[in-house]
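User: I would like to learn how to read side-chain packing. Please take me through the core and the rings.

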Amino acid sequence: MLSTEPRKSHSGKDYLKKANLEQGKPSPNQSLVPLTAKINHRDCLEIGGCDLKTLIEQFGSPLYVLDEITLRTACRQYREAFNSYYQGNSQVIYASKAWSCLAIVSIVASEGLGFDVVSGGELYTTLKALETMGYTPEQIAQQIYFHGNNKSLEELKLALEVGCTIIVDNWLELETLTQLGKQTETKTIPILLRLTPGIECHTHEYIRTGHLDSKFGFDPNQLDAVFTYVSQQSCLDCRGLHAHIGSQIFEEQPHQDLGEVMTEWLKKGQNYGLVLSELNIGGGLGIRYTEDDDPPSIDQWVKGVSQAVMKACDSHQLPYPKLIAEPGRSLVGSACVTGYTIGSRKEIPELRTYIAVDGGMSDNPRPITYQSLYRVVVANRMSEPSTETVTIAGKHCESGDILVKNSQLPQTQPGDILVVMGTGAYNHSMASNYNRLPRPAAVLVKDGEANLIVERETYDDLIRQDQLPERLLS
Ligand code: LLP
């Protein structure tokens with residue numbers, strides 16, 4: 001939990017010093033700040049060689065600032081770890097629900113990762129980025145896995161057109177795909193089957209149950225029926241199995257257990273004549289939002305999972321399947337910060353001091369939705385010691401719109417730049433226009449260069465879809 005003890009002598013600079021505890025080859029998901037975070041001669045926070053105050057002057061406020069180096073490092077660490085520890089084929093696919101936009105797809109693709117998409121919109125975004133990069137239709141098909149517990153007919157047809165692998169979630173989808181497959185006849189539809197493995201994760205503990213109350217995937221008790229059905233459909237090319245057990249997980253054991261359980265199911269497929277050569281263990285590795293968070297490194301996580309799967313395969317005398325992982329948060333989460341401009345202040349004597357910023361729950365819905373904790377610094381006062389405990393409030397008409405409670409900060413002034421760390425995953429992707437706030441811009445920073453990757457919405461954007469029926473004007 002967040003300590004309410006003031007750390008009076010600490011400054012943003014002290015915070016940065018201890019933020020990256022790993023020496024040598026830091027794992028981005030263990031770092032409290034983007035890997036390139038520095039303090040410059042103006043005593044200002046710099047990310048990717050760009051001064052946060054200057055970025056806000058140039059691109060406006062609030063602003064998502066995405067550090068290319070951190071994102072690329074995380075992608076590389078996943079790939080390199082699988083290459084070193086797993087003796088079969090492997091593929092890392094980015095769970096694009098964490099943040100889907102053309103620039104991120106193109107960076108992640110250029111690092112050799114594929115994509116998990118969960119809607120027609122994410123599929124379309126990924127498709128457009130890969131086409132623009134010059135990928136062939138065959139390459140695109142190989143890179144994309146399409147998820148979802150209620151895919152529409154339209155979405156399924158788009159997926160078939162793209163030729164990507166469809167991760168089948170339920171009976172209706174299985175039957176719909178069979179019908180669609182019979183209509184085309186010329187080629188088979190690549191699928192994985194999603195199962196609910198009965199491993200339920202909480203952040204620091206997990207339980208295994210026979211049945212799991214989840215809206216996703218087939219109940220493993222139905223495995224025989226599903227395998228029987230799939231083995232009888234010549235239009236379906238069932239390549240393997242998928243499961244995802246949760247997000248922001250710090251323990252390693254659940255994913256290792258998952259690898260073992262799923263290997264048993266792969267083996268079971270043999271009884272039905274199915275050659276299940278792909279094993280997708282989902283995503284879920286956590287990141288460090290605060291000093292109390294202690295996730296394993298990417299390297300350590302991949303090592304544990306790889307060893308567990310190989311061991312289980314050896315004991316079942318199964319060839320090593322293509323092992324797929326689909327991380328989202330641990331790829332992009334620590335790579336981004338959000339810069340806000342500080343505005344009003346309200347002091348309630350002996351109770352609390354509120355400092356308000358120019359965004360809030362519309363650009364970061366995670367505190368109000370999940371009571372998520374974040375760390376902040378004042379970008380233009382990095383060496384100034386913290387002298388007060390303040391609560392950072394958003395500007396929405398909702399009392400719960402609080403970004404960070406009880407944060408120790410130096411004395412601030414309106415116009416100062418407040419930076420919230422770790423906002424790359426599920427911030428932009430879950431942003432809304434609540435109170436008709438235009439969604440912020442996002443910039444990509446590297447080596448002192450900043451490029452706009454998402455434009456700031458305008459008021460005109462806000463009314464673009466509105467229609468005013470003529471009869472209302474009379
Ligand atoms: N694969 C599947 C099937 C998933 O459902 C998810 C996340 C992932 C992969 C990626 O998980 P990650 O590596 O990012 O933990 N909005 C919530 C998180 C929801 C996660 C949903 N599924 C949050 O802001 O914490």
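Analyst: What follows covers the nonpolar cores, then the aromatic pairs. This is a predicted model; local features need pLDDT of at least 70, side-chain atom pairs count only at pLDDT 80 or more, and totals for chains, interfaces and linings use all residues. Residues are numbered from 1 along each chain as its sequence is written, and side-chain values use heavy atoms, with hydrogens and water left out.

User: Which residues have the most contacts inside the largest nonpolar core?

Analyst: In soluble globular proteins, nonpolar side chains tend to be buried together. A nonpolar core is a set of buried Ala, Val, Leu, Ile, Met, Phe, Trp, Tyr and Cys residues joined through side-chain atoms within 4.5 Å. Buried means under 20% relative accessible area, exposed over 50%, partly exposed in between (1.4 Å probe, protein chains only). Here the largest core holds 89 residues, and L66, L71, W99, L174, I191 and L193 have the most contacts inside it. Helix 11 (residues 298–316; helices are DSSP runs of H or I, at least four residues) gives the largest share, seven residues.

User: How do I read an aromatic pair?

Analyst: Rings of Phe, Tyr and Trp (its six-membered ring) pair if their centres lie within 6.5 Å; planes under 30 degrees apart count as stacked, over 60 as edge-to-face and the rest as tilted. The count is eight aromatic pairs. W171 and Y229 are edge-to-face, because their centres lie 5.7 Å apart and their planes meet at 85°. W171 is in helix 8 and Y229 in helix 9, 58 residues apart.

User: Is W171 buried or partly exposed?

Analyst: W171 is partly exposed, at 26% relative accessibility. Y229 is buried, at 18%.

Conventions
Helix = DSSP H or I, 4+ residues; strand = E, 2+ residues; numbered from the N terminus.
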